[in-house]
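Me: Hi! I've got a model open and would like to talk through how it is put together. Could you help me read it?

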Amino acid sequence: MSLSDELKEAIRHRSLAMTLEEAEKLAGYVGRMPTPLELHLFDTMWSEHCSYKSSRSVLKLLPTHASSVVVGPGEDAGIVKFADHDGFSWDLVVAHESHNHPSQVLPVEGAATGIGGIVRDVYCMGARVTGSLDLLRFGDPLGNSGEKSRAICRGVVEGIWKYGNALGVPNLGGDTRFHEGYDDNCLVNVVSLGFVRHDRIVHSFVPAEAHEEQYVLILVGKPTDDTGFGGATFASADLKDESEKGAVQVADPFLKRVLSEANLNVLDFLFDRGIKFGFKDLGAGGIACVTSELAAHGNLGIEVNLDLVPVSIPDLPSEVIACAETQERYGLAVPEWISAEVLEIYNEKYEMPRLFPGAGATVIGTFTGEPFYRVLHRGKEVANTPVEYITEGIVYDRNWEPSPVPVIEPDSRPCHPPLDLKRMLLSVDGASRSPVWSYYDSEVQGITHFRPGEADACVIVPIPGCRAGLAVSGDGNPWIGELDPFLAGAHAVGEAVRNVVATGATPIAATDCLNYGNPEKADVFWQFRQGVEGIAAACMELGLEGEEPLPIVSGNVSFYNQSSKGGAVPPSPIVAVFGRIDDFTKSTDISLKEPGNLIILVGDRKDELGGSLYYRTCIGHRGGRVPAFRGKLEREMARFVLACCEAGISRSVHDISDGGMILAAAEMAIASRPDARRGIVFDTEMLDPVILYSETPGYLIEMSRESWDAIENKPEFLSVAGRVTDEFRIASSRWKMDLLEILEDHTSRLDRIIWREEVTE
Amino acid sequence: MKSVPLVAVIQFPGSNCEYETKRGILNSGMDSCIYRWNQCRELRDSQPDAYVLPGGFSFQDRVRAGAVAAKERIMDLVFSEAAGGKPVLGICNGAQILVESGMVPGWERGRIESALAANHISGRSGYLSRWVFLHVAAKAQQICPWLGKTGNGIIPLPIAHAEGRFVFSEENRERASSSAALKYCDEKGIESSDYPVNPNGSFLNLAGIMNDRGNVLAMMPHPERAFWMWQLPPWIPGEWGDRRDQSLRSGSHADTKGPGSLFFMSLADHFRGER
């Protein structure tokens, strides 16, 4: 058999995702037929998931630099400066990932490991993890695949609470959206954030000191099994059917919690002793990736002995031990002389072997001056390749072809505000998300100021004793995505920025997760390019700190989100924005406060209702003309909202998005105190669907008349829309809608549909 | 007793509320230290004045929540200290441990008379996070060192658990009633066994129970998550809602104590009284 035939056969029988050309390239590197371990290692390294081979050239468009950025994209998580307190500088650490395919196949485990993986990315920078968000996209729960979509939604929420709550990381919300485009491929994006002392940031490579003294590689955590073998490859191909469950890992939040405590203890111990070290979590590609990357990024070689790896299943082949994606594991590069003390912390102090059979810390490799990646198993060499090739990566230039959606607007737009509002409040997209959030622990760690739903963004006070608050929101609108992929990217940034700004926080960083179909298809790759360009354009405009752009500091690309029938998901760029408010007590929630206060509309309404909740829910049309992105205006509006907050004159603030101004008003009323119910009466007749329902970006601000009168040189984008009343209703001079009668329905709607399966209309 | 009382927080594998609980104690003017489950000697040697078992998922809730931790060696020490009258508080998973160890209601030494069973809500299972309202039983206020300063008002606190339903056998109804420390009620103080006023179907609307002597308190709600006024949701009604608005207006929002602080401040006050 020729080498080429041998490679072809290996690709087939090992179900590798690599192409024959890639396999031949690998054979050229090692100068022979690659070993099974080498094939699987490079299959992972060169997978779309790890290599960004299709996306890399496009991602260069994103702004990643700003003076606040400490670590940009490239390592496991991004880092930006946050606040100085008590003699220390504290940095914010953020990461953003997808766990779409696993969650579609095994929703509970898939969603759980999604959190498990993303928090490890933040932990391994040396941070304490203080929050996570879930950006969820499910199929239509009332559509043709409703039963399946509801089951997946339930499973994903269960996976999130079972894992996240036990781990002790507060859930800071996120969003949940439904669209039939996700019927066969849900999206589960996860954001994690944490804080680290600037002088204690940890890097994921063996330090330069390892050239001078002997360093070893400690593997710590759960014993290795065969779960997740081929996981990265799985994430980088079309989802064929649900027989691929073996590629999904199994998470263990209990072990992770103990491991996290032990890790913090070990990192403090090493810092206190002044010892340089490298630390990295095990994700895609398992032991093979973590060992080779720790070595390669430090310009060293490594020799790994798989016989030393604790396993929970006997007789696993070398490539499975090396490449399985067993959860809850880390790799730590430390000087050999200190390794015994490190092992003692994990194995004696924190008793990991007693708490979980086979768990613990073990030395499994030694770093070497010769730049080769060598793996030994049962007396044989099972891999031997120059390290430089491992991290070299590959890049493809994909073809793209514009495929814009024709603009088709509905013929007529009937407007019955009370009825329309009721329909929207009771639609699956307009209903309260509290049934989802009620499963999440948003308050563990005792740092939460605004929980999900109380304000446009969750606000935490992460550093005890320090007044700096962090606001975070994640957004992305599939209805805009399917109509205009560029605006989907721009508005994902815009809305997340507005949500953060509405609380009074200034955006300091963003992350993105780009969820698309098959990049090898020219129309899909165009959608992807458009989304990135949209994000880039918005980030260039919406940096509110000085003249710098809003930097994207971490992110992820998820391709191949489509069904077996070949239909791609709606273009789904999802963006998380992180903001800082110097004094968290000034942050604003959405609940109406004082009767008589004015409701100020920030941002004129425009006739651009394409994809709006009103079109979809009230007239059954998706429309075509979506809101334009007006960067300069967005920026000025944001500056104004922040100034009001800083001046202490805004009593409540809510951004205008789904459902337009009328839904924003209703949500502000619904958020009011149950013993002090409030409503809004608009100043005019309010019978124009554009004014009421347009999702043109904007805000509603509650402030006193005196405060309003005291504002000098009012910008043109401001107007008085109405005032706060002590009646629990939304009204104009021509109509009124009492909220009490739909409150219970609005609050429990998702619970009844998703969990109680009450789906007959 | 130490000049500044020392309150030990016991960390089990899987605990996850130990740090904010410790902060609550420190912010109440007492000293606090976290002891790992296997630091029995260190704990004994430091001679704490009181003990807190914090929330979390000790030992992964294996068997039943709290069941494995209750059998850990370190609990022998807590058990004997409680028998000697030292104040002990179990919050959420800590409450589950106290119940599983028989320390509450503690009618007979070492006997388990109660259980914390899975929430019982029609049509819903699993974890539930929400804010609830509580009132403190009159007797408990007199004898429990964690409740002396809680007053007659309605106390809003958050719950976050999947297994928080106190269960007693029906024949013990009266006795259980005398062990009541905290009971769920609505924002106006009216009890109801209906969801969501009683959020988990708990027997007699019990949110917290104590031993006969009153020094051991097991409560499902989390006071450490409502220690500061800023931790309260903006929509909280009633007296605490008014106080929250007031602290916002007066500019003292960052440093004003919330309803959860009452439990820790009560203990500090108790120690001042002893001295």
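Predicted model: local features only at pLDDT ≥ 70, side-chain atom pairs only at ≥ 80, totals over all residues.

Me: Nice. Which residue is the bridge partner of B:Val9 in S3(B)?

Reply: That would be B:Val52.

Me: And what is the strand order of the open sheet in chain B?

Reply: The order is S2-S1-S3-S4-S11-S10-S9-S6-S7 in chain B, which makes an open sheet of 9 strands with mixed pairing. Strand S2 (31-36) and strand S7 (155-161) of chain B are at the edges; each has a single partner strand, so one side of each has no neighbour in the sheet. From one strand to the next, the twist averages 25 degrees.

Me: Which strands does helix H4 of chain B lie across?

Reply: Helix H4 (residues 93-100) of chain B lies across S3, strand S4 (88-91) and strand S11 (216-219) of chain B. The helix runs at about 120 degrees to S4(B).

Me: OK, switching to chain A. How many strands are in the open sheet there, and in what order?

Reply: That open sheet has 6 strands, ordered S14-S15-S16-S19-S17-S18 in chain A, and the pairing is mixed. Its edges are strand S14 (448-450) and strand S18 (552-558) of chain A, each with a single partner strand, so one side of each is left without a neighbour in the sheet. Neighbouring strands are turned by 20 degrees against each other on average, ignoring direction.

Me: Do tell me about S17 and S18 of chain A: parallel or antiparallel?

Reply: Parallel: 6 bridges join strand S17 (residues 506-515) of chain A to S18(A). As an example, A:Asn515 stands opposite A:Ser558 in S18(A).

Me: What packs on that sheet?

Reply: Helix H19 (residues 485-502) of chain A does, touching strand S16 (469-475), S17 and strand S19 (572-581) of chain A. The direction of H19 makes about 25 degrees with that of S19(A).

Me: Now helix pairs. At what angle do H7 and H8 of chain A cross?

Reply: Helix H7 (residues 107-123) and helix H8 (residues 146-167) of chain A cross at roughly 40 degrees, and their axes come within 6 Å. H7(A) and H8(A) are therefore oblique to each other. Their crossing is right-handed.

Me: Which residues make the contact?

Reply: From H7(A) they include A:Ala111, A:Ala112, A:Ile115 and A:Gly116, and from H8(A) they include A:Gly155, A:Val156, A:Gly159 and A:Tyr163. By class, the contact of H7(A) with H8(A) has 12 nonpolar, 4 polar and 1 charged.

Me: And how far apart are the axes of H10 and H13 of chain A?

Reply: The axes of helix H10 (residues 253-272) and helix H13 (residues 339-349) of chain A are 10 Å apart, with an angle of about 155 degrees. H10(A) and H13(A) are therefore roughly antiparallel to each other. The crossing of H10(A) and H13(A) is right-handed. Among the contact residues are A:Leu259, A:Val266 and A:Phe269 of H10(A), and A:Val342, A:Ile345 and A:Tyr346 of H13(A). The contact of H10(A) with H13(A) divides into 8 nonpolar, 2 polar and 2 charged residues.

Me: Last topic: what does the domain assignment give for chain A?

Reply: According to the assignment, chain A has domain 1 (1-34), domain 2 (203-396) and domain 3 (414-438 + 588-761). The centres of domain 1 and domain 2 of chain A, taken over C-alpha atoms, are separated by 26 Å. Their contact takes 8 residues from domain 1 of chain A and 10 residues from domain 2 of chain A.

Conventions: Residues numbered from 1 in each chain as written. Chains lettered and ligands numbered in written order. Heavy atoms only, no water. Pairing = 2+ DSSP bridges. Helix = DSSP H or I, 4+ residues; strand = E, 2+ residues; numbered from the N terminus. Axes fitted to C-alpha atoms, helices over the stretch in contact; angles between N-to-C directions. Contact = heavy atoms within 4.5 Å. Parallel < 35°, antiparallel > 145°, perpendicular 65-115°, else oblique. Left-handed = near helix turned anticlockwise from the far one by under 90°. Nonpolar A, V, L, I, M, F, W, Y, C, P; charged D, E, K, R; others polar. Domains from an automatic or database assignment.
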